[in-house]
Amino acid sequence: MKLILVVGARPNFMKIAPIWRVLETQGRAGEAVLVHTEQHYDDKMSRIFFDDLKLPKPHYALGVGSGSQAVQTAKVMMAFEPVVIEEKPDLVVVVGDVNSTVACAMVAAKLHVPVAHVEAGLRSRDKRMPEELNRLMTDVISDLLLTPSRDADENLKNEGISEDRIHFVGNVMIDSLRLLEGRADESPVLEQTGVAEGSYALVTLHRPSNVDDQKTLTDILSALDHIQKHVPMVWPIHPRTSKMVDQFGLRGIVQEMKNIHVIEPVGYLDALKLQKYAKLVLTDSAGLQEETTAFGVPCLTVRENTERPVTVSEGTSTLVGVLPERIISVAEQVLGGTYKKGRIPERWDGYAAQRIVAAFDTLGN
C-alpha cells in the first residue's frame with residue numbers, strides 16, 4: 001500500500017511522526033511519501049519540529065505559505081494535485097483540522113483516492129471557527145475516520161457516518177509525548193528562562209478570536225497581569241500574537257508585567273518540559289489541552305468552547321472563556337489547591353499509531 005502522509009502546520013507533526021515511526025519499525029517506510037504543504041513555513045513553527053520529532057526531510061515541500069482562508073486552501077489544492085497524480089497513492093492520510101487537511105482531502109477525493117482522517121469526529125459546535133468547517137468537510141469525504149475519543153465516534157454516527165468507516169484508535173499526540181518525554185526532561189529551557197519546576201504558569205495564545213480582537217486581547221492581558229503578581233509566567237509568544245500586540249499598541253502593557261518572561265516560540269521538546277513542570281497552563285491551544293491532561297497539569301482553556309470535551313469532562317482542562325474575572329477565579333482555585341483532579345482518557349496510552357496503521361490495512365477488506 002502506497003501512502004501519502006500530509007503535514008501542513010505545527011500541530012500536524014506530532015500526529016504524523018508516530019505513524020511514520022510505526023511504518024519504519026514495520027519495514028514499510030518505503031511505502032510512505034511525506035508531503036509538507038508549508039502552511040507553517042517559519043523555522044520556529046515548522047523545521048524545529050522535524051528535528052525534535054526526527055521526521056525525515058519531506059519528499060515534497062509545497063511552499064504554500066500564508067494567505068486568507070480561501071487563498072491558502074486553494075494554493076494547497078493547486079500544489080498538491082500534481083503530487084497525487086505523480087505518486088498514484090492507494091491512500092492519502094491527513095491529520096487534524098488545518099487548511100491543508102481539508103484541501104488535501106478534497107484533492108484526493110476528487111481524484112478518487114481513498115482518504116484517512118486522523119483525529120476525526122471532533123466538534124466544537126462553532127462554525128465561526130475555520131477549523132470546525134475543515135473538520136466537518138474532511139470527515140464527510142474521508143473513507144477511514146480515525147477517532148481519538150469516544151465522543152468523536154458518537155458525533156460521526158449522529159451525522160450519518162456508517163460505523164464501518166469509524167475506528168476508535170485513541171490520541172496519537174500522546175504517542176509522541178510519551179516517546180519523547182524523557183528527552184524533553186533533558187531540555188535546559190527552565191534554567192534558561194529562570195523558573196523552577198512547579199513554580200510558574202505557562203501561557204500560549206494564538207487563536208484569531210483571541211488575538212485579532214483588541215478588546216479580547218486587552219481583557220486577557222488584564223487577567224495575566226493579575227495572575228503574574230502571584231506566580232511567575234513563561235510566555236512563548238506566537239508570531240501572530242506578537243504582531244497583534246504591537247499593532248494594538250499593547251507592547252508597553254506587556255513590558256510592565258515584570259513577572260512574565262516573554263520568550264521566542266519553542267520547539268516540541270521545550271514545549272513538553274514547560275507544560276510538564278508548570279503549576280498551571282493558560283492556553284487557547286487544542287494540543288495543549290490534551291498534553292496537559294496527559295501530564296495531569298491544570299489547564300485554563302481561554303476559549304468559550306472546545307472540540308476536545310473529554311479534556312474537560314475527564315481531564316485537567318476547564319473552559320474559562322475570555323472574561324478576566326472568570327480566568328482569575330479559576331487560576332485562584334489552582335493556586336489555592338482547590339482545583340479538580342483529572343484522569344487520562346481511554347486509549348491515550350502511547351499506542352494509537354499502531355492502531356492507526358492497522359486500520360489502514362483494513363481498507364478494501
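Predicted model: local features only at pLDDT ≥ 70, side-chain atom pairs only at ≥ 80, totals over all residues.

Mentor: Residues are numbered from 1 along each chain as its sequence is written, and side-chain values use heavy atoms, with hydrogens and water left out.

Trainee: How are α1 and α7 oriented to each other?
Mentor: Helices here are DSSP runs (H or I, at least four residues), as are strands (E, at least two), numbered from the N terminus. The axes of α1 (residues 10–25) and α7 (residues 172–185) come within 7 Å and cross at roughly 75 degrees; axes are lines fitted to C-alpha atoms, for helices over the stretch in contact, and angles run from 0 to 180 degrees between N-to-C directions. Under 35 degrees counts as roughly parallel, over 145 as roughly antiparallel, 65 to 115 as roughly perpendicular, and the rest as oblique. So α1 and α7 are roughly perpendicular.

Trainee: What about α13 and α14: which word describes how α13 lies to α14?
Mentor: The axes of α13 (residues 268–276) and α14 (residues 286–295) come within 10 Å and cross at roughly 55 degrees. That makes α13, relative to α14, oblique.

Trainee: Which residues of α14 does α13 meet?
Mentor: From α13, the residues involved are Tyr268, Leu272, Gln275 and Lys276. Their partners in α14 are Leu288, Glu291, Thr292 and Phe295.

Trainee: How many salt bridges does a search of the whole structure find?
Mentor: A salt bridge is a side-chain nitrogen of Lys or Arg within 4 Å of a carboxyl oxygen of Asp or Glu. Searching the whole structure on that basis gives 26.

Trainee: Arg135 forms a salt bridge with Asp97, but how many residues apart are they in sequence?
Mentor: The closest N and O atoms of Arg135 and Asp97 are 2.5 Å apart. Arg135 lies in helix α5 (residues 130–141) and Asp97 in the loop between β4 (91–95) and α4 (99–110), so the pair ties together parts whose separation in sequence is 38 residues.

Trainee: Is Arg240 buried, exposed or partly exposed?
Mentor: Arg240 forms a salt bridge with Asp212, with closest N and O atoms 2.5 Å apart. Buried means under 20% relative accessible area, exposed over 50%, and partly exposed in between (1.4 Å probe, protein chains only). Arg240 has 34% relative accessibility, so it counts as partly exposed.

Trainee: And which residue forms a salt bridge with Arg303?
Mentor: Arg303 is buried, with a relative accessible area of 5%. The closest N and O atoms of the pair are 2.6 Å apart, and the partner is Glu307.

Trainee: What is the relative accessible area of Glu307?
Mentor: Glu307 is one of the residues linked in a network of salt bridges, which also includes Arg135 and Asp97. Glu307 counts as buried, because its relative accessible area is 1%.

Definitions and conventions:
Contact = heavy atoms within 4.5 Å.
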